[in-house]
Amino acid sequence: MLQKIVIIGAGPAGLLLAHYLLRRGKYNVEIYEQRSDPRLMDTSPERTFPISLQERGRKAIRSIAGLEEAIAAASVFCNGTKIYRQSGKARDISRAVPIMTIDRNRLVMILLEHLTQSYTTEQLRVKFGCQCLQVDRKAKTVILQPEQGEAFTLTYDRLVAADGARSRIREYLAQDAGLHCEQSYVPDAYKTVILPRFNPALGLELEADKIHAWNLNKTRMMMVPQPGDRLNGMIVFDAQQNPLAGLSSKEEILAFFKDKFPLIGQLMSADEAEALLQRPVARLVTVSCDRFHEGDSILVIGDAAHAVSPSIGQGCNASLEDVLIFEQFLAQYQDDWAQALPAFSAHRVPEAHALKELSDYSFPPTKILAIEFVLRLMTGKLLHKWFPQWVKPFVLDLLQDENLSYSQILSLSQGWINKVKRSQLRTS
Ligand SMILES: Cc1cc2nc3c(=O)[nH]c(=O)nc-3n(C[C@H](O)[C@H](O)[C@H](O)COP(=O)(O)OP(=O)(O)OC[C@H]3O[C@@H](n4cnc5c(N)ncnc54)[C@H](O)[C@@H]3O)c2cc1C
């Protein structure tokens, strides 16, 4: 008799976990997702963002035949970052191994299509437009609300909370099962920015294989090339000091960018300025829990377990790695969830706490530290090669090494992390 696994949330973590569980041949999987079916609607770039996938996340994807190739084919590979000054002059930080970047919704679409092509509807059910409202862990039921019609109750053998940073299931476990969880807002807020990559009238073109970044005191921008000659990215600012807050027309938006980020100002049309004006400011929460399971039947995974600031681009990589590691425990304990779940929590919670520390404190809050940061980025690898006893690789380089756990990276980077932490305390 196959066990029935109910996964709430069809994001990267929920969908990849479905792949891993189904190939074990011991489970039927049902996935419920509150958003509409992405295969049936126009995917608007307004509701998505680019994700950089490093070896840590790619390793988890690679384990499913054909998946990494499909994702790579829809990605853009960047071989470095260009960090611009206000004057337009840029520093190049090159990468030995190009970084794979893919739009979040495109990634989800590929994971989903691959899944539905690989399994029958007997093995896999995916229901969109269906929100999980409540859980009853003793009865092993969830109440789901479809977009149309009455809410219904569903039973499960095992339940997976892959429902993201604002997880309903995690909230239920915190209220009803003593899960200890801290949530806080990331101090930064952001607005999505979408631009063409060139302006032929001005003979201006940003490189297609570089991430483009600007750092202007407390306001930063990052733009990532997309297929179809677009740049998707964001303007990031202190949530208490939104530099766009007082601007009320597209002309004022254009004037702001021409002054503060001239290259962006030259690429932005009046329509894009208007769209940016209308777009909401996004706030992000971070999540830190003391365990990622309940009893022998509920698993919390991905952002639902450990949402972090996107500053070092690890949230999705860590969420995909969760899946790889959970399956290793399932294999080790012959699919006995009563053993695999606590083992997963014991292994993964300290990693998630280390990841949060790295995400909160890798980026410098002050100009002086920003200079040191860029210097370390540019010279760290070389200096480490020449003087390995004295110079450790820099935190961002260490993060590229998927063989190092987050707690090892934290321990190797503690000096820098403490420096940023002290500096943040002084400036807050
Ligand atoms: C601006 C930005 C940039 C980022 N850049 C990077 C990056 O470069 N690299 C990186 O590794 N990570 C990045 N991240 C983080 C990354 O997006 C997340 O870590 C990743 O999406 C987590 O996957 P997930 O499946 O756990 O959660 P999600 O992607 O949040 O998916 C959860 C799903 O659950 C659904 N859901 C929620 N509640 C319910 C409910 N009650 N019922 C049914 N369905 C529900 C949601 O609709 C959603 O589809 C970035 C994040 C942001 C915001």
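Predicted model: local features only at pLDDT ≥ 70, side-chain atom pairs only at ≥ 80, totals over all residues.
1. The side chain of Arg 104 has an N or O atom 2.9 Å from an oxygen atom of the ligand. Cys 316 takes part through its backbone: a polar atom there is 2.8 Å from a ligand oxygen. A polar backbone atom of Cys 132 is 2.9 Å from a nitrogen atom of the ligand.

2. Helix H4. Arg 104 belongs to the buried residues of H4, which also include Asn 105, Leu 107, Val 108, Met 109 and His 114. The helix covers residues 104–118, 15 residues in total. From its first C-alpha to its last it reaches 21 Å, close to the 21 Å expected at 1.5 Å a residue.

3. The start of H4. Asp 103, in strand E5 (residues 90–103), caps the N-terminal end of H4, with a side-chain oxygen 3.0 Å from the backbone nitrogen of Asn 105. The backbone nitrogen of Arg 106 lies 2.9 Å from a polar atom of the Asp 103 side chain.

4. Beyond its neighbours within four places in sequence, Asp 103 is in contact with Thr 48, Phe 49, Pro 50, Gln 226 and Asn 232.

5. Leu 22. This residue sits in helix H1 (residues 12–23) and is buried, at a relative accessible area of 5%. Leaving aside neighbours within four places in sequence, its contacts are Tyr 27, Val 29, Leu 115, Tyr 119, Gln 123 and Leu 124. Of these, Leu 115 is itself one of the buried residues of H4.

6. Arg 56 and Glu 321. The structure holds 25 salt bridges. In one of them, Arg 56 pairs with Glu 321, the closest N and O atoms being 3.3 Å apart. The pair links distant parts of the chain, Arg 56 in helix H2 (residues 55–62) and Glu 321 in helix H10 (residues 315–332), 265 residues apart. Both partners are buried: Arg 56 has 2% relative accessibility, and Glu 321 has 9%.

7. Glu 294 and Arg 137. Their salt bridge has its closest N and O atoms 3.1 Å apart. Glu 294 is in strand E18 (residues 293–294), whereas Arg 137 is in the loop between strand E7 (130–136) and strand E8 (141–146), so the pair links distant parts of the chain, 157 residues apart. Glu 294 is buried, with a relative accessible area of 13%.

8. Arg 230 and Glu 272. These side chains meet in a salt bridge at 3.6 Å, N to O. Arg 230 lies in strand E16 (residues 230–238) and Glu 272 in helix H8 (residues 270–278), so the pair ties together parts that are 42 residues apart in sequence. Arg 230 is partly exposed at 30% relative accessible area, while Glu 272 counts as buried at 17%.

9. A network. Salt bridges with shared partners join Arg 23, Arg 24, Lys 26, Glu 327 and Asp 335.

How values were computed
Residues numbered from 1 in each chain as written. Heavy atoms only, no water. Helix = DSSP H or I, 4+ residues; strand = E, 2+ residues; numbered from the N terminus. Polar contact = N/O pair within 3.5 Å; in protein donor to acceptor, adjacent residues only side chain to side chain. Contact = heavy atoms within 4.5 Å. Expected span 1.5 Å × (residues − 1). Buried < 20%, exposed > 50% of the residue type's maximum accessible area, 1.4 Å probe, protein only. Salt bridge = Lys/Arg side-chain N within 4 Å of Asp/Glu carboxyl O.
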